[in-house]
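Dear colleague,

Please find the structure below, followed by a short account of what was found in it. I would be grateful if you would read the two side by side.

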Amino acid sequence: MNSLHIKQFIYQLGIPCVGIAPGQFPAPPPPARPCPLAAGQGAERYEPERLLSPCRSIIVMLFPYYVADPPTANLSLYCRSTDYHLLIRRYLQTVEAYLHQHYPSCRTLSVADTSPLADRYLAYLAGLGFIGDNDCFIHERYGSYCFIGSILTTLPLTPDTPLHRECYHCGACRHACPGHCFDGADYDYRLCKSYLTQKKGSLSLPEIEVLRKTPLIFGCDMCQAVCPHNAEIPETPLNDFKENRIYTLSHEAIASLSNREFQRKYGNRAFAWRGKKILLRNMEYLRLPPSMPEQAHGYTQQQHADENRRTYNKRNE
Ligand code: SF4
Ligand code: SF4
């Protein structure tokens, strides 16, 4: 079935990139060490039929989100607008309504980031770009600053062809990564700053040291910021992602809020999903003078060295 008019409708909504992935496809090897924050950890990442059966096609859309905010920002680029899950959901619901109007017997299911499916792989299958050495999905025009939203459907649409493209393999992401996450054969999430800023509980000294390498209190953009594929990308054409931005969050702005007040004020923000406590913890780690992390943790220099060695050994197991 030709998908042209579906794509045209999607373009009319202002979404600049859409492609069709097949509903079933051979699975690539799952990640060696999947991040525990991902909903899908194994084979379920590549099995859309577990969510919608029969899944005949997947309509995949990219939502660019790059905006040139001031360099004083202390929040990752992806969480400065209203929570992208909420924004994307509205677009996907509009597309689903269109599909149901034109194909009353079809069934659909929208997914964006929180399903077990490997969104980036779906976008690759839909011919929208390629996956770089920094593990990010990269679009030719909008770089890697793109959210991915998809609609699984029973409609048999003609799939697009994946691009035969690779990133420049320049190594900039590997060199810039504060957690050395790309030093092994596969991406290792355990010292990824983005993961650590969302990890619950106290952090170990090596983890705190990673956190303190860059000024962001939530997320980490380093492996994207240095990537030449992001060098001259345009700002997002989607106004929703340009409006209501918060790019800096101060201790004063949240410290005195009750949890309820915090949720009321920031509950529609992606940086708020772990709550106020984690943000304050990250701010504290970043505010400590260079000599303080050990005292804050009660670690001796020897314990620090031992922990570094244990972490290194684990990473090289
Ligand atoms: S987000 Fe930061 S810490 Fe994580 S892999 Fe990228 S550069 Fe490394
Ligand atoms: S920084 Fe270089 S190696 Fe890393 S993803 Fe971009 S082009 Fe590839």
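**Ligand shells**

The shell around ligand 1 consists of seven nonpolar residues, two polar residues and one charged residue; here Ala, Val, Leu, Ile, Met, Phe, Trp, Tyr, Cys and Pro count as nonpolar, Asp, Glu, Lys and Arg as charged, and the others, Gly among them, as polar. The model is a predicted one, in which local features need pLDDT of at least 70 and side-chain atom pairs count only at pLDDT 80 or more, while totals for chains, interfaces and linings use all residues. Residues are numbered from 1 along each chain as its sequence is written, and chains are lettered from A and ligands numbered from 1 in the order in which they are written.

Ligand 1 is surrounded by Cys-177, Pro-178, Gly-179, Cys-181, Cys-192, Lys-193, Ser-194, Cys-220, Met-222 and Cys-223 (a residue is near a molecule if its C-beta atom, placed from the backbone, lies within 6 Å of it). Helix H5 (193–196) and helix H7 (222–225) are the elements that give two or more residues to this shell; helices (H or I, at least four residues) and strands (E, at least two) are DSSP runs, numbered from the N terminus.

Around ligand 2 there are 14 residues, the closest being Gly-132, Cys-167, Cys-170, Cys-173 and Cys-227. Eight residues of that shell are nonpolar, five are polar and one is charged. Because domain 1 (4–153) and domain 2 (172–315) both give residues to the shell, ligand 2 lies between them.

**Domains**

The bounds of the two domains come from an automatic or database domain assignment. The C-alpha centres of domain 1 and domain 2 are 24 Å apart, and 41 residues of domain 1 are in contact with 39 residues of domain 2 (contact: C-beta atoms, placed from the backbone, within 7 Å). On the side of domain 1 that touches domain 2, strand E2 (57–64) and helix H2 (84–102) each give two or more residues. The largest share, three residues, comes from H2. By type, that side of domain 1 has 24 nonpolar, ten polar and seven charged residues.

The 19 residues of H2 should span 27 Å at 1.5 Å a residue, and its end C-alpha atoms are 27 Å apart, which agrees; the expected span is 1.5 Å times one less than the number of residues. Tyr-84, Leu-87, Ile-88, Tyr-91, Leu-92 and Val-95 are the buried residues of H2. They cover an arc of only 125° around the axis, which puts them on the same side of H2. A residue is buried if 20 or more other C-beta atoms lie within 10 Å of its own, exposed if 12 or fewer, and partly exposed in between, with C-beta atoms placed from the backbone; the arc is that of the directions from the helix axis to the C-beta atoms. Turned away from the buried side of H2 are the exposed residues Arg-90, Ala-97 and Gln-101. Among the elements that cover the buried residues of H2 are E2 and helix H8 (239–242).

In helix H11 (residues 276–287), the buried residues are Leu-279, Arg-281, Asn-282 and Tyr-285. They fall within an arc of 160° seen down the axis, so they line one face of H11. The face of H11 turned away from its buried side carries the exposed residues Lys-277 and Arg-287. The cover over the buried residues of H11 includes helix H6 (205–211) and helix H9 (251–255).

With kind regards

Notes: Two residues are in contact if their C-beta atoms, placed from the backbone, lie within 7 Å.
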